[in-house]
Amino acid sequence: MTVSLVSVLTLAAAALLAAQAAAQSPAPPGATPSPPQPEATEAIEEVVVRGRRMSEVDADLRIHIQEFVEQIAAPAPGQGYARWNRRVCVGVHNLERTAAQYIVDRISGLAVDVGLAPGEPGCSPDVIVIFTIDGKQVATYMVENQPLLFRPGVGEGGMQLGRAALDEFAQSERAVRWWHVSMPVDARTGQRTARLPQDVGLPTVNVAGPSRIHNGIRDDMFYVIIIVDSKKLTGTTWEQLGDYLAVVALAQIDPKAGPAAFDSILNLFSNPAAYSGLTDWDRSYIRALYAFDQERQPQLQAHQVVSEMAKRERERSE
């Protein structure tokens, strides 16, 4: 990459500073007890129980999961679902040390849960979380002054969502905004297959043989920039925020997604009282994302993510 992420943060910071029954009375002494009265017969309502085949239940579950995945996933155009490969380093800036470490730990905790190694102290961050009092101003400044940071490839390059999405990133009024940059790489060698401006010649890809299922390429997360507007966090807790940031740090989430029909921390800013933190549904999705076969053709990957998530949901309900 031709720009230093640390220098970008320095540039931005310099520009913006930082039924109970009723009781009966007993009969008086010597009184003749009244004969028992017949009880009224109560009508019993008929209840009909209809069973469902497990195949029908499973089909409905898959439809529900597919709707969720289609709403929230936002891979680069023409590319597969990207994820971190083996490790991820998290950096949090413009936040008090203890609070910053808490955010790092929440994100790293979810990363460990899916098999990633967290970065050691002092590592060069791949996930860059910037807290500010004006997210829109910081985002606009960074996009205008460091365009290659957000669109590093030659052309669109299959690495990010494109110009229109970048404009939305800069101009949004959201409390949290993010920008993912991914990199298509040779699945066997790890060598990138997208060109950067400084590259000479065309990249090559080693493919084991012709296949309609596998193409020899996987998409790795390259880096993620997350900007948090601290003035718009009213009603949220550190646990909620940390888990929300963990999801958008580990998965390519559509910023415009509104998955209100699903039990997800991604609904945090529309209904903060409903979620204490990461939900089982969120965890199933992230685990599925980090379990599917990335070498599959992009058009086949969504189906496999749905299958992996459905398997985890069935296991959880047993």
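**A helix pair and two spaces**

Helix α3, residues 97-113, packs against helix α7, residues 238-250, at an angle of about 50°, and their axes lie 8 Å apart. The model is a predicted one.

From α3 come A99, Y102, I103, R106, I107, L110 and A111. From α7 come W238, E239, G242, D243, L245, A246, V247, A249 and L250. Sorted by class, the contact of α3 with α7 holds twelve nonpolar residues, one polar residue and three charged ones.

Now turn to the empty space. Rolling a probe the size of a water molecule over the atoms shows where such space is left. The largest cavity holds about 190 Å³. Its lining has 21 residues, and L161, A165, W178, W179 and P255 lie nearest the centre. Two elements give two or more residues to this lining: α6 (163-171) and β5 (176-186). Strand β5 gives the most, with six residues. By class, the cavity lining has twelve nonpolar, five polar and four charged residues.

The pocket is lined by 17 residues, and Y244, P255, A257, L266 and F269 are the ones nearest its centre. Its lining divides into twelve nonpolar, three polar and two charged residues.

Definitions and conventions
Residues are numbered from 1 along each chain as its sequence is written. This is a predicted model: local features need pLDDT of at least 70, side-chain atom pairs count only at pLDDT 80 or more; totals for chains, interfaces and linings use all residues. Side-chain values use heavy atoms; hydrogens and water are left out. Axes are lines fitted to C-alpha atoms, for helices over the stretch in contact, and angles run from 0 to 180 degrees between N-to-C directions. Helices (H or I, at least four residues) and strands (E, at least two) are DSSP runs, numbered from the N terminus. Contact means heavy atoms within 4.5 Å. Ala, Val, Leu, Ile, Met, Phe, Trp, Tyr, Cys and Pro count as nonpolar, Asp, Glu, Lys and Arg as charged, and the others, Gly among them, as polar. On a 1 Å grid over the protein atoms alone, a cavity is a set of points where a 1.4 Å probe fits but cannot get out, and a pocket is an open set with protein on both sides within 12 Å along at least five of seven lines; lining residues have an atom within 4 Å of a point. Grid points are joined across faces, edges and corners, and a volume is the space filled by probe spheres set on the points.
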